[in-house]
Amino acid sequence: MTYQNLLVASEAGVTTISINRPTKLNALDRATLVELNALMTALHADPSVGAVIVTGAETGKRPAFVAGADIAAMKEMSAVELREFARLGQATFDLIENAPFPVIAAVNGFALGGGCELSMACHLRIASADALFGQPEINLGIIPGFAGSQRLPRLVGRAKAVELLLTGDAIKADEALRIGLVSQVVAPTDLMTTVRALALKFAAKAPVARKYILDLVVRGASMPFSDAERAEADLFGLVGATEDVRDGLAAFLDKRTPVWKGR
Ligand code: COA
């Protein structure tokens, strides 16, 4: 499949998706979300995918992950169209959060509005030192529409989320690290090397165990604790029935590297 607004590259089980609207600082319009939705759906069904990286393509100007939802496009939308746009963004980002493989946001510049929301749908965020995070919707008289009002408080706590959502102020990468929004900050020139190394490490792990751990972390967060514990025990039992567990345990005792088959 070819994409107008996405660059897609795959190697060694790692797929890198770059949002590519350079003249608009990679802002997300409907067409880009439709493409991202289709791509994520295809990746869900591809067992060779061991990890995904989401980043912003080179803009030629100031670096941008994604500078938000497309403001010019939103200005022309009716209330019904705005609602549909929000539902499309939410559904697309849910496909990222619920993916059977880890998704890392490599945040290489502006991550504002829909860009911050896109990064928060990823399982973790690694930022370059010049990244800027924020939910500036309130400064435009609108509100987040791609689940920012829900994911931000879950990630950084209600007080900090309310502060960011109601001021619209952007924060730098070091502040994002301090409040737990990102897990690492690296020099801009080291960003992709760092993220790729982590993605390759994820991709090399036992596929069924990787998928079950992610499933428990994501799904368990919205379950009562005792139900999530039971789900963990169920998957603990299920993973024990895989060929990979047999080889993983045997390889430890034989002092050799296991060979994962993903079954
Ligand atoms: N939607 C649509 N277009 C956008 C955009 C967005 N969210 N963010 C940037 N662009 C466009 C600009 O309109 C401009 O297009 P033009 O060259 O045709 O005029 C181009 O991208 C470059 O942006 P510009 O504002 O000139 O760059 P800058 O370096 O001066 O400022 C930002 C960068 C990110 C501070 C500024 O673009 C901005 O505030 N963007 C909107 C951020 C936002 O509110 N996002 C949430 C939306 S809900």
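Let me start with the contact between the two domains, where 11 residues of domain 1 meet 4 residues of domain 2; please keep in mind throughout that this is a predicted model. In domain 1, the residues that lose the most area to domain 2 are Pro 100, Pro 102 and His 123, and together these account for 52% of what that side buries. As for where the boundaries fall, domain 1 covers residues 6-203 and domain 2 covers residues 207-254, and the C-alpha centres of the two domains are 28 Å apart.

How much area do domain 1 and domain 2 bury between them? The computed value is about 530 Å², and 65% of that area is on carbon and sulfur atoms. On the polar side of the account, there are 0 salt bridges between domain 1 and domain 2, while the count of residue pairs in polar contact, with both residues at pLDDT 80 or more, is 2. If we sort by class the residues on the side of domain 1 that touches domain 2, we get 7 nonpolar, 3 polar and 1 charged.

Let me turn now from the interface to the side-chain pairs in the structure as a whole. The search for aromatic pairs returns 2 of them, and one of these is formed by Phe 85 and Phe 146, whose ring centres are 5.3 Å apart. Why is this pair of Phe 85 and Phe 146 called edge-to-face? The planes of the two rings stand at 70 degrees, and planes over 60 degrees apart count as edge-to-face, so the pair falls in that class. In terms of the chain, Phe 85 sits in helix H3, residues 79-97, whereas Phe 146 belongs to the loop between strand S8 (132-134) and helix H5 (148-156), and the two are 61 residues apart.

Finally, a word on the segment after helix H11 (243-254), which is where Lys 261 lies. Leaving aside residues up to four places away in sequence, Lys 261 touches Glu 243 and Asp 244. For Lys 261 and Asp 244, the separation is 17 residues in sequence, and the C-alpha to C-alpha distance in space is 6.3 Å.

Technical notes. Residues numbered from 1 in each chain as written. Heavy atoms only, no water. Domains from an automatic or database assignment. Contact = heavy atoms within 4.5 Å. Buried area = accessible area lost by both parts, 1.4 Å probe. Salt bridge = Lys/Arg side-chain N within 4 Å of Asp/Glu carboxyl O. Polar contact = N/O pair within 3.5 Å; in protein donor to acceptor, adjacent residues only side chain to side chain. Nonpolar A, V, L, I, M, F, W, Y, C, P; charged D, E, K, R; others polar. Phe/Tyr/Trp six-rings, centres within 6.5 Å; stacked < 30°, edge-to-face > 60°. Helix = DSSP H or I, 4+ residues; strand = E, 2+ residues; numbered from the N terminus.
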